[in-house]
Amino acid sequence: MMKDYAILARKIRRDIVTMLNRANGSFGGAAMSCADLITVLFHGCMRFDIENPDDPARDMFILSKGHASSALYAGLASAGLIDRGELETYGMNDTKMIIHPKRGTYPCIDASTGALGHGICQAVGSALAARILKCDANVFVLMGDGECNEGSVWENAAFASKQKLNNLTAIVDRNGLQGCGRDAEVLNYGDMGEKFRAFGFNTIDIDGHDYEAIENALKTAASRSTDKPTAIIAKTIKGRGISYMEDKLEWHYKSPNDEQLKIALEELAL
Amino acid sequence: MRSIFIDELTKIARDDARIALLMSECGFSVTEGFAQEFPDRYYNVGIAEQSLVGTAAGAALRGLRPVAYNMAMFLTMRAFEQIRVDVAYQNLPVILAGVGPGVGYGSAGTTHHTIEDIAIMRALPNMTIVFPAHEIDARAATRQAVELGKPIYIGLARAPRQFNVPYGAESFKIGSAIRMNDGRDAALFAFGSMLPVAMEAAAALAGDGIKLRVYNAHTIKPLDTAAIDEALRECGAIFTLEEANIIGGLGGAVAEYIAELNAPCVFKRFGIRDRYPERMGDYQWLLKHFGIDAASVAASVKEALKA
Ligand SMILES: Cc1ncc(C[n+]2csc(CCOP(=O)(O)OP(=O)(O)O)c2C)c(N)n1
């Protein structure tokens, strides 16, 4: 039976906007864009044991678009992997809840990210190592679509498919906006799925805010029914869930003030 | 500093058709003016730093004076081999403009800090390295970078502190450190965002009767050895201060020079002591954490002079 992802995601979004307001933090658009994906990953797909999060056999997740860390931290808290009170330290002084996450600071922060285009390589390396070590773990990596501008993404995608790493799932948060404009105005990647298929991936196109579709796609990828890695192209809206943030470039940078926080929490009322 | 740089570049571009501004997803709310005025000389290559530097080098092959503009860490480190082979080795007139060097991106964290740039960029033959500390420096450095006609890396502090300098535009010359005062008890060489910190430390030390001479060492490479000679002669003790790893930085450069003089003197490097922080905080917090805020620097100078 499907969990009540909608409620869980709403709570995560409330935490995100609260964290960003407190820390005067950026990247609300990026976090809201992938909040639903992270909700389903941690509540309905990843295999881990809250009592033993360091188990090397657990599934692994790398948030390659590290700037969306507020969604990751809120997701980890929602899943019980970190104490929700810790969220108050996000982006503050003397914190380990760093805006671009540092490996080892909390359970399931498996790689230090923030420099775009690194996550998929480390995910592929981990998936390869899992196979060498005969470990059953799946490796998930979440990338931005702008991030896919980086050549390293494609260099590594070719390697992943050559190695038939079907324990690897790359999720692309396809919100169409990046740091200085729309993908269509910058490099115009067009059909992202087509590109990953050209590099030897299975691809699944979904609505990245449709919980059932997300769950089905992740489960299909994790079932390893073919010998290819999977790319899930999740069509999303940057800033999703907060009216004034939705599809607005400036919310890559801006931070919600007290008034904006109030509006957001009203819109996200439980 | 970045807005001043872009503003000056825009003025230069009005008279110099060789100027082109290339960036890789950086410059939101900073570069729009240039883009509007010169739409055919402004390009976003996407989030692709290697592509940025290689493309700039290619444009320079045909005689343009391209600027590759990006955040300092991604520019210098993601694209380092393009900088080495395409720009430095070919000795091309590409201006590498790095925004927010040091720990200017503060609480964003280590991925967004640039504490290694001085060491790696110094190691490149043909490369000039300039870090303006003041608007006067930034405007002059931008013009001179274009005239230089060779590879240059300019570090543009993200949120530079406002402070007064005792010199005018005519005093700024790439390659020549600027003496900020005439203290004679010791000399402190600092650049970029660390210059106002050095000045503040000097003011604090004055209260203790220590007259610290400060140099604006805006050009880290080529090193102004004449200024070091002067400081050795007139002050005896030399210190360096940088918002970068002390390994291979300005301090390293000065140490290399002094060591080969076989003229022992009091010498100490202040900077980040070869580590990544475990915890994070904003810019001021980080300076304190690394012991390179004005109070810590003043205390370190005192300590070193006592020894
Ligand atoms: C290597 C690198 N270059 C540039 C940046 C600066 N940067 C941070 S986020 C961002 C835009 C990312 O866009 P996208 O991948 O589409 O993610 P979104 O925020 O839209 O989810 C940029 C350019 C970076 N973090 N790393």
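Me: How do the residues lining the second largest cavity divide into nonpolar, polar and charged?

Reply: Rolling a probe the size of a water molecule over the atoms shows where empty space is left. A cavity is a set of points, on a 1 Å grid over the protein atoms alone, where a 1.4 Å probe fits but cannot get out, and lining residues have an atom within 4 Å of a point. In this predicted model, the lining of the second largest cavity has eight nonpolar residues, three polar and one charged. (Nonpolar: Ala, Val, Leu, Ile, Met, Phe, Trp, Tyr, Cys, Pro; charged: Asp, Glu, Lys, Arg; polar: the others, Gly among them.)

Reply: On the ground rules, this is a predicted model in which local features need pLDDT of at least 70 and side-chain atom pairs pLDDT 80 or more, while totals for chains, interfaces and linings use all residues. Residues are numbered from 1 along each chain as written, chains are lettered from A and ligands numbered from 1 in the order written, and side-chain values use heavy atoms, without hydrogens or water.

Me: How much space lies in that second largest cavity, and which elements each supply at least two residues of its lining?

Reply: There is about 60 Å³ in the second largest cavity, a volume being the space filled by probe spheres set on grid points joined across faces, edges and corners. Helices α9 (225-234) and α10 (250-259) of chain B each bring at least two residues to the lining. (Helices are DSSP runs of H or I with at least four residues, strands runs of E with at least two, numbered from the N terminus.) Among the lining residues are B:F189, B:L223, B:D224, B:A227, B:I228, B:L250 and B:V254.

Me: Which peptide bond is cis, and where does B:P222 lie?

Reply: Check omega for this one. The bond from B:K221 to B:P222 is cis, with omega near -5°. B:P222 sits in the loop between β10 (219-221) and α9 of chain B.

Me: How many cavities of 30 Å³ or more does the structure hold, and where does the largest cavity lie?

Reply: Four cavities reach 30 Å³ or more. The largest cavity holds about 100 Å³. Both domain 1 (2-156) and domain 2 (173-306) of chain B contribute to its lining, so the largest cavity lies between them; the domain bounds come from an automatic or database domain assignment. Of its 16 lining residues, B:P101, B:G102, B:F131, B:F191 and B:S193 lie nearest the centre. At least two residues each come from α6 (117-122), β6 (152-156) and β11 (238-245) of chain B. By class, that lining has nine nonpolar, five polar and two charged residues.

Me: What about pockets: what volume has the largest pocket?

Reply: A pocket is an open set of points with protein on both sides within 12 Å along at least five of seven lines. The largest pocket has a volume of about 990 Å³. It is lined by 44 residues, with A:F27, A:H252, A:Y253, B:M71 and B:H112 nearest its centre. β3 (65-71) and α4 (72-78) of chain B are the elements that give two or more residues to this lining. The classes come to 14 nonpolar, 19 polar and 11 charged.

Me: Why does the second largest pocket lie between two domains of chain B?

Reply: Because domain 1 and domain 2 of chain B both give residues to its lining. The second largest pocket holds about 480 Å³. Among its 23 lining residues, A:S112, A:A115, B:T110, B:T111 and B:Y276 are closest to the centre. α4(B) gives the most, with four residues. The lining divides into 10 nonpolar, 10 polar and three charged residues.

Me: Is A:A115 buried or exposed?

Reply: Compare its relative accessible area with the cut-offs: buried is under 20%, exposed over 50%, partly exposed in between (1.4 Å probe, protein chains only). A:A115 has 14%, so A:A115 is buried. Its place is in the loop between α3 (69-78) and α4 (119-132) of chain A.

Me: Which residues other than glycine have a positive phi?

Reply: Two to look at are A:D94, with phi near 60°, and B:N126, with phi of about 75°. A:D94 is in the loop between α3 and α4 of chain A, and at 41% relative accessibility A:D94 counts as partly exposed. B:N126 is in the loop between α6 and β5 (128-130) of chain B, and at 31% B:N126 is partly exposed too.
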